[in-house]
Amino acid sequence: MTENGTEYQADKVIKIVSIGVLRSNAITFNPPLPEKKITDIKDVEFLPGFLLFLKFSDNFYPDAISSEISCEEKTYL
Amino acid sequence: MKKKPICDAAHSKQSQDHVLGLLCTGISAQEYYLLDNPDSIVSSVIQELDEYFNGLVSQNYLGSYLYKDWGQHIFTQGTWTSDFEKSSTKKLNDSLDDKVYFARETYNIHGIAPFHEFYIIRGSIQSVVLMGYDVVGQILD
């Protein structure tokens with residue numbers, strides 16, 4: 001059932017939402033997800049993040065500069 | 001300033017614009033989130049880059065930016081799976097009574113082993129497509 005009350009019925013359903021969406025409890029499962037499934041979902045390393053583009057009047061930078069960073073700190077500019 | 005990979009986001013895109021793109025995940029993103037709002041994040045990024053480019057960033061910045069927060073967006077709530085171990089997918093992928101199935105890059109059962117001629121890892125677009133095929137195959141079987 002959707003947020004506006006529309007109900008769809010099916011024999012099989014494929015959930016393609018992200019682990020982050022499953023964790024957010026935006027979807028209500030009835031019956032509820034098994035505890036093991038909930039634990040597994042929480043155990044996955046699924047990082048927060050954002051994308052930012054900045055616009056400039058001139059190209060003062062080279063095409064690319066690369067440097068090493070740790071796995072836990074993934075920042076790409 | 002922490003060293004970070006930098007690229008020209010408009011490179012080879014036949015654009016007259018000059019754009020730098022920042023894709024920030026994990027600890028770095030959480031540090032920026034402490035700044036509360038996109039304007040503050042932009043100011044912080046420009047300040048960091050100015051140290052690297054000797055002030056040219058703030059001099060050339062047009063005051064225009066695009067900010068997409070995948071970590072907060074209702075349909076994403078994050079970026080992608082950064083744990084590449086396929087062992088953690090074993091139970092995660094189980095369907096609910098053969099009625100509800102799960103398909104997305106996180107559920108990649110192939111790990112980092114070669115799949116045909118490709119390496120398809122969690123956290124990749126290819127992984128999304130592959131797991132879609134896999135789940136449909138399970139249902140049809």
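Two residues are in contact if their C-beta atoms, placed from the backbone, lie within 7 Å. With that in hand, let's look at how two chains meet in this predicted model.

The contact draws 59 residues from chain B and 46 residues from chain A.

The largest share, eight residues, belongs to β2(B). What is the make-up of the side of chain B that touches chain A? It divides into 31 nonpolar, 18 polar and ten charged residues. Here Ala, Val, Leu, Ile, Met, Phe, Trp, Tyr, Cys and Pro count as nonpolar, Asp, Glu, Lys and Arg as charged, and the others, Gly among them, as polar.

β2(B) also pairs with strand β2 (residues 49–56) of chain A, in the antiparallel sense and over eight bridges; strands pair if DSSP finds at least two bridges between them. Within this pairing, A:F53 stands opposite B:G21.

Chain B as a whole has four helices and six strands, in the order β-β-α-α-α-β-β-β-β-α along the sequence.

Residues are numbered from 1 along each chain as its sequence is written, and chains are lettered from A and ligands numbered from 1 in the order in which they are written. As the model is predicted, local features need pLDDT of at least 70 and side-chain atom pairs count only at pLDDT 80 or more, while totals for chains, interfaces and linings use all residues.

Note on methods:
Helix = DSSP H or I, 4+ residues; strand = E, 2+ residues; numbered from the N terminus.
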